[in-house]
Amino acid sequence: TMPTSNQPEANAHTTRQLAISIEASTPTMTTPSPKGPDQPMPNVPPSVSDVNAAQTPTTFRWNQVIELGYVESDGGDATKNVENEEPVCFHCGKVANEAESAKLSKCARCEVASYCSRECQVTNWKGGDGIVGHKFTCGAYKRVGDDMMIIFGDDKDTARQDILSRIRFYAYPYAVYKAQSTGRGFLFVQSDSSLAVLSLPAPMLSNGRSYSNLRSVLLHWLTMKEYDSEVCMDDFELAGARKELKKAVETYDEKVEVPVMMRFRCGHVAVGIAPLVPDYKLCMMLGKEYYGEGQGDGALQLNIDDM
């Protein structure tokens, strides 16, 4: 059964944000593969994908999390203004005074998604016609809440893992392929969106309004030397993660793992080791196909909503 609630709306809080920039030493790639950003998830030959499956770790290990608390710049993120607008129906987009009952009811489970009528809630819960039903996204909206901020550490861990899982068929082959030519390092994942915004399954904020900015991540494969000379010079506060990052780079098993550093617009930074899925051999094959012949020389930009 679908939960309903008429609880009052919580006041939205503006997420502290900072535009993130790092100059790549080589041109940035904006296409995740030679076949274009709209290419579907690669077909994985069963005989290849099963190799080393039993040896691949199934869990993430987060070694360090830092909250830098970036202050929002004047330009701001699209969340700043849209987040403060009054909620609309998650299905039809009506505001409260247009609803049959002159108010919006909220999903009783996530206490976030608003609806103008029972009919809209039923339709949105089931989904269909290319729309993912709220029954599959309810947990993600509960995690970010009305104010579009993730509070609990476990929820932040899950949010990061959800993002990495969405991009893994492009990001991990990129990491494995780059490591072959540059040596041991880490996958540096940056986004100009907050962790909360990027973790949502669709570009729709908690008030039911569309997030107008492009939800994307910028990937670099960096050695520790490049981290010291480029990243820490750009943001000295990131030097606080150096010890754990260096340990991850020195100890990870390249056949089954990839070290990761993630940084978001809100100032959330995390260092950890992710399980290599797809497996190493498949990542090598995809990496050569996608990024061979100089196509992976620069940074890689992936649009989350194209994944």
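This is a predicted model: local features need pLDDT of at least 70, side-chain atom pairs count only at pLDDT 80 or more; totals for chains, interfaces and linings use all residues.
User: Which peptide bond is cis here?
Analyst: That would be the bond running from valine 277 to proline 278, where omega is near 10 degrees.

User: And where does proline 278 lie?
Analyst: Proline 278 is in the loop between strand 7 (268-275) and helix 9 (280-291).

User: Where's glutamate 111 placed, then?
Analyst: Look in the loop that joins strand 2 (105-106) to strand 3 (114-115). Glutamate 111 is partly exposed there, with a relative accessible area of 34%.

User: What about methionine 148, what's its phi?
Analyst: Methionine 148 also isn't a glycine, and its phi is positive, about 55 degrees. You'll find methionine 148 in the loop between helix 4 (134-144) and helix 5 (153-182).

User: Is methionine 148 buried or exposed?
Analyst: Buried: methionine 148 has a relative accessible area of 1%, and the cut-off for buried is under 20%.

User: Let's switch to arginine 143. Where is that one?
Analyst: Arginine 143 sits in helix 4. Its relative accessible area is 11%, so arginine 143 counts as buried.

User: Which backbone oxygen does the side chain of arginine 143 reach?
Analyst: The one of serine 199, at 3.4 Å.

User: What else does arginine 143 touch?
Analyst: Leaving aside residues up to four places away in sequence, arginine 143 touches Met149, Ile150, Asp155, Thr158, Ala159, Asp162 and Ser199.

Key: Residues are numbered from 1 along each chain as its sequence is written. Side-chain values use heavy atoms; hydrogens and water are left out. Helices (H or I, at least four residues) and strands (E, at least two) are DSSP runs, numbered from the N terminus. Buried means under 20% relative accessible area, exposed over 50%, partly exposed in between (1.4 Å probe, protein chains only). A polar contact is a pair of N or O atoms within 3.5 Å; within protein, one must be able to donate a hydrogen and the other to accept it, and residues adjacent in sequence count only if both atoms are side-chain atoms. Contact means heavy atoms within 4.5 Å.
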